[in-house]
Amino acid sequence: MFFYPALTMFRTGKDEPEWEGFMDYYHPDLSPYFYYFDSWEHLKQIILSPNPIDTKNVRVEGPKFYDRVRDKTLRGWADLIGSLGFSIPFNGKVAPFPPDLIDAPYRPRLPDVKVPRPSDMEDVFPRVREWRLNEEERFRQIRKVQYMRLTHLELSALQYRKWMQEKIPDGMLVDFPKEHDGMDSLLFHLNEVIDGLMRSGSDAKQSMGVFDATTVEWARNATASVKKYEKISPQGYRTFAQMARIARFSHSALQFVSSSKDQKLLAMKAPLKESLKTSVRIAYPWLLSKMYKTMDDLTGSFSGRGIVFVIEDDGYDRVLQTIAHLRKNLACDLPIEVFYNGDYHHDDPNGSFQRGDIRLKEQRRLDLASISNVTTRDIHHAYDKFWEQSGTTEHARSFAIVASKFAEAIVIHEDTVLLQNPDTIVSDSERFKSDGVYMQQGPLSDESGHSQWVSWFLGGEKFVSEASKSGRYFRNVTRHEMNAGFMAFDKKRVSVLHGLLVASFLNSEDARKENFDWFLDTTKGKGEQETYWIGMELAQAPYKFVNNAVGLVAQASTNSEVCGPIVYLDENGAPIRLQSKAWDFSKLSEVDMVYQLQEDDTKVAVSERNGLFCLNGSKGTGRVSPIGVNGTLGFEETVAAAKGMLKIANVRKSKNLKKFFQS
């Protein structure tokens, strides 16, 4: 049984609360009526003992004890209500009752905080509020320590605890039948086998020794055993992981046998299609509904290479400027899709948007669509009932990447300033050529990752790739492994496509509820980027992050603090993009220095202020020093890009965008 420390325990002020003191099962008054065991082996010894099992005579004494507890409780309530002036009899008697027949009223100890009582009550509230906020932060820090100590067994128990506390709606899958226990090892092995066969171009004769009809039949039987269910229960992360791996295997195997002329392999197509259809329907109920009826429809819609933006109305100016920068300065003619996330389903607390307002205004959609080779798309047109999946545009990005018509989708965030042609960046990347994935590490964070949760989600540490094990997240160096400002995915590769589908699940409303935020910061706007590499891990898609060198560009300064955009480098160490919410290009054109943000695992204090990132050499650890000067790290490109951006900075004021882009 899993017991998670509650707020009552945190108020003891201990880092490791004596949790058993707050549980009925361990209360001294109740201990004579429980049997305790330390392990399943110990329980086995108790049950198989030649002595009578009920040595405490619980069957007889237990009911008597509970009768006394119930009577004492009811008398206590009658006594309390009687003190308020209402007479409630118990067994023919009314309050007051003798002290030995009731429990003394619980009087909680107030926090040891002395607040002076001034005559002006307005002075009291800020003091009390400050105390409350400080207490909440103290409890948060204690909880964080406890979260990081959760083991694999406790994480599983936490999931089952949710199932026990909440009524599971009909049609929701909780777990696979017992006969499929241990499927993680089999699925992991099968995906490795099928990938090896496809890489080597093995023929039917070679494949039969490691991949045969029995394997395919197992996959079909596993999905058939849960075919009646419509979707997976919320919080069912492990069940989802297993279903997602079945879908990935079925899809890869189907692609393999379909390319063969051997009749034995071709005979496997029907059962593989069946297992793929069922596993995808249950794992991703939103996917095959409106625009795509089958996985063939989805993959058949992919072609070529292009750029994907996902924005709301406030990102319009930046995306318009970036498109002008791509076309006018970087000579990039790739087709572009600009996705938006339908309308607002909740009123904006600031009053800027009302429920039902489109997230990208009609005129702005028309303006973007007037630009040659630019298309605007509502994500909701691709999927049925998409509003149930992702209420925020940030968490809709992975869904948009899947829905994009591009086979090779280059994803650019609106706060990214490119220094090179994105087509060239991806084409020159050895990582992308090898794996079909382009992802970059981001700055280190002060908090640590939760490697136990990720390895549990994947089925165990033995299913974690060496790339992730050696990463900073798994070594508890940082909680934010990557930056999603610039990414590229080859969706024609089945493993990569399924990695994006897993990322979409992790960004869905159901997956992000409750305790999920303990591990991925999903409600703070940073967890979304971690879902991409975790998705690739689960789908067993090979990947490695592109270069972990991250710096900050600014004017050379003798001050301890410097502020500016973050610069990301390519595999050869050349700057390829900047990240900053403050696009001040006049200042950007004056930069002449790179300041180191990280070297291996050293941490530097980084703060965000007015859209820029700031380093303070007097805080944190690690070195904050210049590592490059004008001309040594491609700053001629940086300055040229900045000046070029200045030239097209007023593109949004153009009355005729079509004419502007044609000039």
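Asn91 is exposed, with a relative accessible area of 65%. This residue belongs to a predicted model, and its place is in the loop between H3 and H4. Although Asn91 is not a glycine, its phi is positive, at about 55°.

**Backbone features in the loops**

Asn57 is found in the loop between helix H2 (40-48) and H3. Its relative accessibility is 33%, and because this value falls between the limits of 20% and 50%, Asn57 counts as partly exposed. The table sets out the two residues.

| Residue | Phi | Relative accessible area |
|---|---|---|
| Asn91 | about 55° | 65% |

The peptide bond that joins Ala95 and Pro96 is cis, with an omega of about 5°. Pro96 lies in the loop between helix H3 (58-83) and helix H4 (124-147).

**The pair H9 and H20**

Two packed helices are described by the angle between their axes and the distance between the axes. For helix H9 (residues 237-258) and helix H20 (residues 494-506), the axes come within 10 Å and cross at roughly 155°. Angles over 145 degrees count as roughly antiparallel, and H9 and H20 are therefore roughly antiparallel to each other. Their crossing is right-handed.

Which residues of H9 and H20 meet? On the side of H9 they are Tyr237, Phe240, Ala244, Ala247, Arg248, His251, Ser252 and Gln255. On the side of H20 they are Val494, Ser495, Leu497, His498, Val502 and Phe505. The residues of this contact comprise 8 nonpolar, 5 polar and 1 charged.

**The nonpolar cores**

The largest nonpolar core contains 89 residues. Within this core, the residues with the most contacts are Phe211, Tyr284, Tyr383, Phe457 and Phe489. H9 supplies the largest share of the core, namely 12 residues.

With which residues is Phe457 in contact, leaving aside its neighbours within four places in sequence? Phe457 touches Tyr237, Arg238, Phe240 and Ala241, together with Leu506, Ile534 and Leu538. Tyr237 and Phe240 also take part in the contact of H9 with H20.

Another core, of 29 residues, lies apart from the largest one. Val319, Cys332, Leu418 and Tyr438 are among the residues of this other core.

Notes:
Residues are numbered from 1 along each chain as its sequence is written. This is a predicted model: local features need pLDDT of at least 70, side-chain atom pairs count only at pLDDT 80 or more; totals for chains, interfaces and linings use all residues. Side-chain values use heavy atoms; hydrogens and water are left out. Axes are lines fitted to C-alpha atoms, for helices over the stretch in contact, and angles run from 0 to 180 degrees between N-to-C directions. Helices (H or I, at least four residues) and strands (E, at least two) are DSSP runs, numbered from the N terminus. Angles under 35 degrees count as roughly parallel, over 145 as roughly antiparallel, 65 to 115 as roughly perpendicular and the rest as oblique. A crossing is left-handed if the near helix is turned anticlockwise from the far one by less than a right angle, and right-handed if clockwise. Contact means heavy atoms within 4.5 Å. Ala, Val, Leu, Ile, Met, Phe, Trp, Tyr, Cys and Pro count as nonpolar, Asp, Glu, Lys and Arg as charged, and the others, Gly among them, as polar. A nonpolar core is a set of buried Ala, Val, Leu, Ile, Met, Phe, Trp, Tyr and Cys residues joined through side-chain atoms within 4.5 Å. Buried means under 20% relative accessible area, exposed over 50%, partly exposed in between (1.4 Å probe, protein chains only).
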